[in-house]
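The sequence and the model are shown first.

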Amino acid sequence: MKTSEATRKLAKVGCYFVEHGKEHDCWYSPVTQKRFRVPRHGSQELATGTKRSIEKLAGVKL
């Protein structure tokens, strides 16, 4: 899954962008009430471990 697809799906389930970092964006999940980082590399594939980590912190299945 590409990073751009992941951010679209996160926004669709209610997660929202908080702030820009140097190479990552900070997002917030109302489901888990946690902040998490998403790499800002839109056309690149997410690594499997990174995807799992985002899913766990966001409380959603990408």
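The sections below describe the sheet, the helices, the charged pairs and the backbone of this predicted model.

## The sheet

Three strands make up an open sheet, arranged in the order E1-E2-E3 with antiparallel pairing. E1 and E3 stand at the edges and have a single partner strand each, so one side of each lacks a neighbour in the sheet. On average, and with direction ignored, neighbouring strands of this sheet are turned by 35 degrees against each other.

Between E2 and E3, the antiparallel pairing runs over six bridges. Within this pairing, aspartate 25 has valine 38 of E3 as its bridge partner. Helix H1, residues 3-12, packs on the sheet and touches E2 and E3. The direction of H1 makes about 155 degrees with that of E3.

## The helix H1

Thr3, Ala6 and Leu10 are buried in H1. These residues cover an arc of only 60 degrees around the axis, and therefore they lie on the same side of H1. The other side of the helix carries the exposed residues Arg8 and Lys12.

The cover over the buried residues of H1 includes E2, E3 and H2. Just after H1, glycine 14 adopts a positive phi of about 110 degrees.

## The helix H2

H2 lies across E2 and E3 and runs at about 155 degrees to E3. Its buried residues are Ile54, Glu55 and Ala58. Viewed down the axis of H2, these buried residues fall within an arc of 100 degrees, so they line one face of the helix. Thr48, Arg52 and Lys56 are exposed on the other side of H2.

Among the elements that cover the buried residues of H2 are H1, E2 and E3.

Aspartate 25 belongs to strand E2, which spans residues 24-29. Is this residue buried or exposed? Aspartate 25 counts as buried because its relative accessibility is 12%, under the 20% limit for that class.

When residues up to four places away in sequence are left out, aspartate 25 touches Phe17, Glu19, His20, Phe36, Arg37, Val38 and Arg40. With one of these, histidine 20, the side chain of aspartate 25 forms a polar contact of 2.8 Å.

## The salt bridges

Side chains of opposite charge can pair when their charged atoms come close. How many salt bridges does a search of the whole structure find? The search finds two.

Glutamate 19 counts as partly exposed at 34% relative accessibility, and arginine 35 counts as partly exposed at 47%.

Another salt bridge joins the side chains of aspartate 25 and arginine 40, at 2.8 Å from N to O. Because aspartate 25 lies in strand E2 and arginine 40 in the loop between E3 and helix H2 (48-58), the pair ties together parts that are 15 residues apart in sequence. Aspartate 25 is buried at 12% relative accessibility, whereas arginine 40 is partly exposed at 36%.

## A positive phi at glutamine 33

Most residues other than glycine have a negative phi. Glutamine 33, although not a glycine, has a positive phi of about 55 degrees.

Where is glutamine 33 found? Glutamine 33 is placed in the loop between E2 and E3. Its relative accessibility is 60%, so glutamine 33 counts as exposed.

Methods. Residues numbered from 1 in each chain as written. Predicted model: local features only at pLDDT ≥ 70, side-chain atom pairs only at ≥ 80, totals over all residues. Heavy atoms only, no water. Helix = DSSP H or I, 4+ residues; strand = E, 2+ residues; numbered from the N terminus. Buried < 20%, exposed > 50% of the residue type's maximum accessible area, 1.4 Å probe, protein only. Polar contact = N/O pair within 3.5 Å; in protein donor to acceptor, adjacent residues only side chain to side chain. Contact = heavy atoms within 4.5 Å. Salt bridge = Lys/Arg side-chain N within 4 Å of Asp/Glu carboxyl O. Pairing = 2+ DSSP bridges. Axes fitted to C-alpha atoms, helices over the stretch in contact; angles between N-to-C directions. Arc of directions from axis to C-beta.
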